[in-house]
Every structure is written in structure tokens, then in C-alpha cells.
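Please examine the sequence and the structure shown below. The briefing that follows is arranged by topic.

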Amino acid sequence: MKVIVTKNNEDASKKAFELIKEEMNNGAKVLGLATGSTPIPMYQDMVNSDIDFSNMTSVNLDEYVGLAPDDPQSYHHFMQVNLFDKKPFAKTYVPDGLATDAEAETSRYNKVIADNPIDLQILGLGRNGHIGFNEPGSPFDSETRKVPLTESTIEANARFFDNENDVPKFAYSMGIGSILKSKKIILMAFGSAKADAIKAMIEGPATPDCPASALQNKDNVTIILDTEAASKL
Ligand code: GLP
């Protein structure tokens with residue numbers, strides 16, 4: 001695991017975009033993409049660049065169960081607005097939040113991942129150490145599945161909704177095992193609210209109690225932090 005500490009999220013995002021370009025120059029065709037506030041400046045850099053993504057495929061990490069693709073709170077909508085509307089990709093995949101047959105949807109998505117092996121996966125980090133929506137306790141070999149969200153995640157994500165009760169209680173999430181199959185991984189985390197999770201991820205034992213600690217001892221993983229997120233290392 002390579003850890004890069006930058007001054008702020010702007011510098012961090014530029015660094016992450018440089019690594020994306022490097023991988024694309026090396027032939028990467030499939031990007032694993034993440035939502036949340038963390039990757040937004042990097043998506044802005046991508047949008048403002050002259051790089052063409054129209055030959056690229058994207059596979060997103062997760063989606064809230066129950067939200068339609070055009071729901072303003074859905075991750076599908078987030079990706080459209082922040083990236084795909086301005087930088088079209090050849091093909092984009094996000095789990096279907098409206099799928100009612102969880103088993104069919106999760107096996108469909110596992111096949112999407114198998115058919116489109118991820119060259120570079122972008123990750124954010126939950127305050128409790130989650131990656132995607134793999135909450136504490138998620139097995140390191142897990143594949144896509146329907147997962148319940150923890151109270152702390154519902155509370156943290158309530159800021160994007162009118163009311164905490166509107167935050168879905170379940171999500172479809174790519175599993176940790178699927179994430180680990182990516183050829184390369186970049187995890188970004190900014191702000192002091194992530195400092196404990198960063199410490200547990202990098203210095204704590206590798207345990208499902210901190211899902212991101214599954215990335216420990218992997219030389220294909222780059223962690224990009226701002227000084228606040230790195231403050232407890
Ligand atoms: C959500 C997403 C994660 C994301 C996390 C952190 O729970 N499922 O993929 O990393 O939030 O969000 P933020 O970047 O807004 O702190």
C-alpha cells in the first residue's frame with residue numbers, strides 16, 4: 001500500500017486523476033467508480049480535461065435499494081450529473097436500485113464485474129471504515145449482495161436527503177472480494193472525520209471490523225489523503 005499525503009482535496013484529486021490518465025495510457029479500459037462527496041473534485045477535473053472517455057467502460061460500486069435511476073438521491077443520478085452527462089463513456093454500469101429480486105440483481109452484477117474486469121478502482125471511505133457499502137463485518141471474500149446500512153452510515157449520508165428517515169436502509173454493493181480483484185485501486189479520504197478510519201485501515205489489524213483494512217499489504221493500492229485525514233497516522 002502506497003500512502004500519499006497531499007495539502008488538500010484539490011491536490012489529492014489532481015494526483016488521482018494523473019494516476020487514472022497513466023493507467024489509461026497503459027491500456028486501461030474499465031474504471032471502477034465511486035460516489036460520495038470525496039471523488040467529486042476528481043470528477044470535476046475529469047470533466048474539465050480534454051480526455052476522451054468514449055471508449056471506456058465504468059462499473060460503479062453500489063446503489064441504494066428502492067431508488068430509481070432518475071431519483072436525485074440515487075447513485076445512478078449522481079454519476080450522470082457529476083460525470084457521464086458531460087463525459088460520455090462507452091458503457092456504464094450501476095446496480096439497479098429498483099430490482100426487487102435481490103438474488104437475480106446481485107448475480108447479474110457479479111456477471112457484469114466478471115465480464116468487465118476492473119483495471120482501476122476508485123474508492124472513498126466511510127467514517128466506520130466501509131468501502132462501497134461494505135459495512136463492518138463484511139467478509140473479505142464477499143461478492144455483490146444486498147446489505148443493510150448501519151445507523152452511523154445512515155446518519156452520515158442523511159446530509160444528502162431532506163430527512164434522515166428518507167435514507168434507504170439497504171443497498172446493493174459490490175463485495176470486498178470483487179473490489180480486491182481490481183488490477184489497481186486508489187482510495188481517497190479527506191477531512192478529520194475520516195482520521196480514525198484511516199488509522200485503523202493502515203495501522204490496525206486487517207479485520208472485517210474495518211472493511212478497508214482488506215487493502216493492507218497490497219502493492220497495487222494507492223491511498224491519497226489530505227493532511228486532516230492523515231492526522232492520526
Ligand atoms: C457512501 C458510499 C461510499 C463512500 C462513502 C463516503 O456510504 N457508499 O462509497 O465512500 O459514502 O462518503 P463521502 O465521500 O461523502 O465521505
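In strand E8, Ser173 is the bridge partner of Asp62. E8 (residues 170-173) and E4 are joined by three bridges and run antiparallel. Two strands are said to pair if DSSP finds at least two bridges between them, and helices (H or I, at least four residues) and strands (E, at least two) are DSSP runs, numbered from the N terminus. The model is a predicted one, in which local features need pLDDT of at least 70 and side-chain atom pairs count only at pLDDT 80 or more, while totals for chains, interfaces and linings use all residues. Residues are numbered from 1 along each chain as its sequence is written, and side-chain values use heavy atoms, with hydrogens and water left out.

**The antiparallel sheet**

- E4, E8 and E7 form, in that order, an open sheet of three strands with antiparallel pairing.
- The edge strands, E4 (62-64) and E7 (145-148), each pair on one side only.
- From one strand to the next, the twist averages 30 degrees.

**The parallel strands around E3**

- Strands of a sheet pair through backbone hydrogen bonds, either parallel or antiparallel.
- E2 and E3 pair in the parallel sense over four bridges, and Val30 has Thr57 in E3 as its bridge partner.
- E3 is also joined to E5 (residues 91-93) by three bridges, and these two strands run parallel; here Thr57 has Lys91 as its bridge partner.
- In a regular strand the side chains alternate between the two faces of the sheet.
- Both faces of E3 (residues 57-60) are covered, with Thr57 and Val59 buried on one side and Ser58 and Asn60 buried on the other; buried means under 20% relative accessible area, with a 1.4 Å probe and protein chains only.

- E2, H2 and E3 make a right-handed β-α-β unit: with the strands pointing away from the viewer, the path from the first strand over the helix to the second runs clockwise.
- Within H2 (residues 40-48), the buried residues are Pro41, Met42, Tyr43, Asp45 and Met46.
- The cover over these residues includes H1 (9-25), E2 (30-33), H3 (75-84), E6 (120-123) and E9 (184-189).

**The packing of H2 and H3**

- The axes of H2 and H3 are 9 Å apart, and the helices pack at an angle of about 45 degrees.
- H2 and H3 are therefore oblique to each other, since angles under 35 degrees count as roughly parallel, over 145 as roughly antiparallel, 65 to 115 as roughly perpendicular and the rest as oblique.
- Ile40, Tyr43, Met46 and Val47 in H2 meet Phe78, Met79, Asn82 and Leu83 in H3, where contact means heavy atoms within 4.5 Å.

Methods
Buried means under 20% relative accessible area, exposed over 50%, partly exposed in between (1.4 Å probe, protein chains only). Axes are lines fitted to C-alpha atoms, for helices over the stretch in contact, and angles run from 0 to 180 degrees between N-to-C directions.
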